[in-house]
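Here's a quick look at a ligand and the protein around it. Have the sequence and the model open as you read.

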Amino acid sequence: MKSIVIAIDGHSSTGKSTVAKKLASELGYKYVDTGAMYRAVTLFAMRNNWIVDGEVDDSKLIDHLPEIKINFEYNPKAGSNDVLLNGENVEKEIRTMEVSGNVSSVAKIDEVREKLVQIQKELGEEKGIVMDGRDIGSVVFPEAELKIFMTASANIRAQRRYNELKEKGEDINFEEVLKNVQHRDDIDSNRKNSPLIQSEDAIKIDNSNLSQEEQFAKILNLAKEKM
Ligand code: C5P
């Protein structure tokens with residue numbers, strides 16, 4: 001069997017990372033959550049007060065980009081990798097609504113994308129990888145053997161995200177989550193640099209009415225056909 005690259009892109013909260021993680025574990029592949037990398041850079045900017053009322057001080061962040069080191073560390077409890085920001089495990093902090101509210105504004109900065117895309121390309125050099133994000137099939141690995149584009153209705157995605165955050169004990173309301181999902185879709189799809197688009201050779205999966213097991217089985221079959 002040959003080792004391949006699996007790119008999973010799509011809208012916010014479509015369950016990309018859940019299915020990508022499971023797929024990587026089934027195939028013995030590496031899994032990389034690129035959203036976590038953009039979130040970690042956002043957290044760095046927030047901690048330095050370079051984001052005020054959703055407005056990012058681009059030039060400050062760009063000047064300090066060389067100080068940001070992003071790595072991953074295996075978390076045996078979760079069975080996946082946690083993201084490290086300059087050696088600190090920030091997996092929990094990057095998942096808050098506050099970070100979600102700012103991340104798309106940071107992710108549209110060219111220099112931020114350049115830096116993270118470079119790291120992502122290096123991580124995939126040896127193939128045998130499942131990477132999820134927004135531009136994996138279009139920019140990071142245009143030659144990926146399998147490209148999936150995941151989507152679902154905004155309401156369903158917001159409901160899933162809301163349930164997830166509630167379970168973690170976050171104090172949020174549904175409207176707020178729905179707004180965030182729509183806001184991120186809007187910025188991600190309309191930014192100049194590597195907008196969220198479905199590549200021509202990507203297979204679209206609308207999972208509004210699919211269970212996690214059904215999606216997983218579908219993508220696993222597609223992957224096996226390419227291996
Ligand atoms: O995947 P997740 O929802 O955690 O990603 C958070 C945000 O990071 C996205 O809304 C998007 O703005 C940005 N992102 C990106 N390119 C990627 C992955 C994430 O622009 N490859």
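## Around the ligand

One oxygen atom of the ligand is 3.0 Å from an N or O atom in the side chain of Ser104, a polar contact (a pair of N or O atoms within 3.5 Å). Bear in mind that this is a predicted model, where local features need pLDDT of at least 70, side-chain atom pairs count only at pLDDT 80 or more, and totals for chains, interfaces and linings use all residues. Residues are numbered from 1 along each chain as its sequence is written, and side-chain values use heavy atoms, with hydrogens and water left out.

| Side chain | Distance to a ligand oxygen atom |
|---|---|
| Arg39 | 2.7 Å |
| Arg191 | 2.8 Å |
| Ser104 | 3.0 Å |

Of the 450 Å² of accessible area that the ligand has on its own, the protein covers 95% (Shrake-Rupley method, 1.4 Å probe).

What makes up the shell? The ligand is surrounded by 15 residues, and Arg39, Arg113, Asp135, Arg184 and Asp188 are the closest (a residue counts if one of its heavy atoms lies within 4 Å). By type, the shell has seven charged, four polar and four nonpolar residues. Helix α2 (34-47), α4 (97-107) and α8 (174-190) each supply at least two of the shell residues, and α2 gives the most, with four. Helices here are DSSP runs of H or I, at least four residues long.

As for the record, the unreviewed UniProt entry has a "binding site" annotation that covers Gly10, His11, Ser12, Ser13, Thr14, Gly15, Lys16, Ser17 and Thr18; such annotations may be inferred rather than shown by experiment.

Definitions and conventions:
Polar contact = N/O pair within 3.5 Å; in protein donor to acceptor, adjacent residues only side chain to side chain. Nonpolar A, V, L, I, M, F, W, Y, C, P; charged D, E, K, R; others polar.
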